[in-house]
Protein chains: 2
Amino acid sequence: MVYYDYSERKWQLRCEMCNEEFGGRVAAAWICKECLQEVHRKMDRFMSLISFLRLDPPPSPPVTSSGLVLLQSAVNSDGAFASVPVDRVVLRSRSPVFKAMLATDMEESRTGVIKIPDATPKVLESFVSYLYTAETTLDEDIARDLLILADKYQVDHLKEFCERYMTSNVTYDNAIVSYAFAHLHNAKLLQDVARSLIIENIDMGTLMEREDYKELSEQDPHLIVKLYEAYYTNLARTKDSNVEV
Amino acid sequence: MVYYDYSERKWQLRCEMCNEEFGGRVAAAWICKECLQEVHRKMDRFMSLISFLRLDPPPSPPVTSSGLVLLQSAVNSDGAFASVPVDRVVLRSRSPVFKAMLATDMEESRTGVIKIPDATPKVLESFVSYLYTAETTLDEDIARDLLILADKYQVDHLKEFCERYMTSNVTYDNAIVSYAFAHLHNAKLLQDVARSLIIENIDMGTLMEREDYKELSEQDPHLIVKLYEAYYTNLARTKDSNVEV
């Protein structure tokens, strides 16, 4: 940052990372603002990934429950279901909900089986894989199903991962469905992006013709009300700023 | 970076992070060279931490061995020893040596006990804690003992952590001991720093009076030879550059 120092009566240069003045002592590196922002974003992402990946401290003896737990998916259309063995330490460390379930006096801890009725076998495997490695391949369906699981079991890092994916895939066609989905699963970023897309790009006069609009107004009229409110608030703001110009 | 573009016949500014030309389009951020280097170092450290913390993929069924393994320390001066329960997934993921020991047909895997004769109870607990959380408090003794364990069980991230700590604590008094230790446990950075400190700060004429020198020349004369060689190579280089000046 370049600024005028009134007490010294000269132009000064301040490092935009450590905030120290250059004072002629150290060489400056020119980087673009985009890169500077990207660095900060990347650091934040790294730190959140690291805090996700750190395990809980080791169990202290006497250890009464250890080893594997079986996560059981819903039954598939062909009658099959998955039963995926997962290390307890992974479940405990990644999810406060699983951690509570695995407290010694809970049924899940005794039986060593946790049912995940919201997950198909495929989604369950993807879920478990992420818990171990913080990596999994997403498509639209898997991102949606994983976000639901991540929200339910409070795996915040995975939820954010899915939400970022879904946010970058909001379109004119799926905006209303995405908006309703985001509201249901408390995905704030996705909801904001979907709402903006709706109120800025969809003609409110023809909105009510859309099938997804009709469905949502049946299921959750409050959400439709919020859409209209956002639309008119935005409209008023736009008009104001037009007047100012 | 500022450079002269001969084809355009004008001065250009290039972002030192993405290497793109500014071209008047984007604003520049001035950061100091120290910060730029620190960013790169930090990113490297973060990425190595992340790759350390990621667990191996979940075990695929049928799972024959699971649960906890007991790590047993050496016997303490008061006759006690520690027996620390550790999740197999943690051992498998953090150390290729433990991973091999825990292959299904190995004795350690069957008995569920791994002896760690190099570790006192205190050091073993610190070691296990690091395997789970990538955090532990170091002092000089613990750093040395942990480095030995980390080297033996190929826990590279921990080894580097200890080596950085020891490197910043090399002094005139412990330089020779550090140099020999680093050689024994293949700690290259520490060895380089200790060697430089010796050849640049200790008078080679009086070196041979030091007790630690005498001990080392008994135990490992090859290392002493290398010290002398480094000393004279450095001396020749210094003379050359003096001549140039």
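Q: What makes A:Val2, A:Tyr4, A:Tyr6 and A:Trp11 a nonpolar surface patch?
A: In this predicted model, these residues make a nonpolar patch of about 500 Å². A patch takes residues with over 30% relative accessible area and no salt bridge, joining nonpolar side chains (Val, Leu, Ile, Met, Phe, Trp, Tyr) within 5 Å and like charges within 9 Å. Areas come from the Shrake-Rupley method with a 1.4 Å probe, and for residues only the protein chains shown count as cover.

Q: Why is A:Trp11 called exposed?
A: Its relative accessible area is 60%. Exposed means over 50%, buried means under 20%, and partly exposed lies in between (1.4 Å probe, protein chains only). So A:Trp11 counts as exposed. A:Trp11 sits in strand E2 (residues 10-13) of chain A. Strands (E, at least two residues) and helices (H or I, at least four) are DSSP runs, numbered from the N terminus.

Q: What makes A:Lys188 and A:Asp192 a salt bridge?
A: Their closest N and O atoms are 3.2 Å apart. The term needs a side-chain nitrogen of Lys or Arg within 4 Å of a carboxyl oxygen of Asp or Glu, so the pair qualifies. Both residues lie in helix H9 (residues 188-201) of chain A, four residues apart, about one turn of the helix.

Q: Why is A:Lys188 called exposed, and why is A:Asp192 called partly exposed?
A: A:Lys188 has 56% relative accessibility, so it counts as exposed. A:Asp192 has 27%, so it counts as partly exposed.

Q: How do you know that B:Glu38 forms a salt bridge with B:Arg45?
A: The closest N and O atoms are 3.5 Å apart, so the pair meets the cut-off. B:Glu38 is partly exposed at 29%, and B:Arg45 is partly exposed at 34%. In chain A, salt bridges that share partners join A:Glu38, A:Arg41 and A:Arg45 into one network. Over all chains, the whole structure holds 28 salt bridges.

Q: Why is H8(A) called roughly antiparallel to H9(A)?
A: Helix H8 (residues 175-184) of chain A packs against H9(A) at an angle of about 150°, with axes 8 Å apart. Angles over 145 degrees count as roughly antiparallel, under 35 as roughly parallel, 65 to 115 as roughly perpendicular and the rest as oblique. So H8(A) is roughly antiparallel to H9(A).

Q: How are residues and chains labelled, and which atoms and confidence limits apply?
A: Residues are numbered from 1 along each chain as its sequence is written, and chains are lettered from A and ligands numbered from 1 in the order written. Local features need pLDDT of at least 70, side-chain atom pairs need 80 or more, totals for chains, interfaces and linings use all residues, and side-chain values use heavy atoms, without hydrogens and water.

Definitions and conventions: Axes fitted to C-alpha atoms, helices over the stretch in contact; angles between N-to-C directions.
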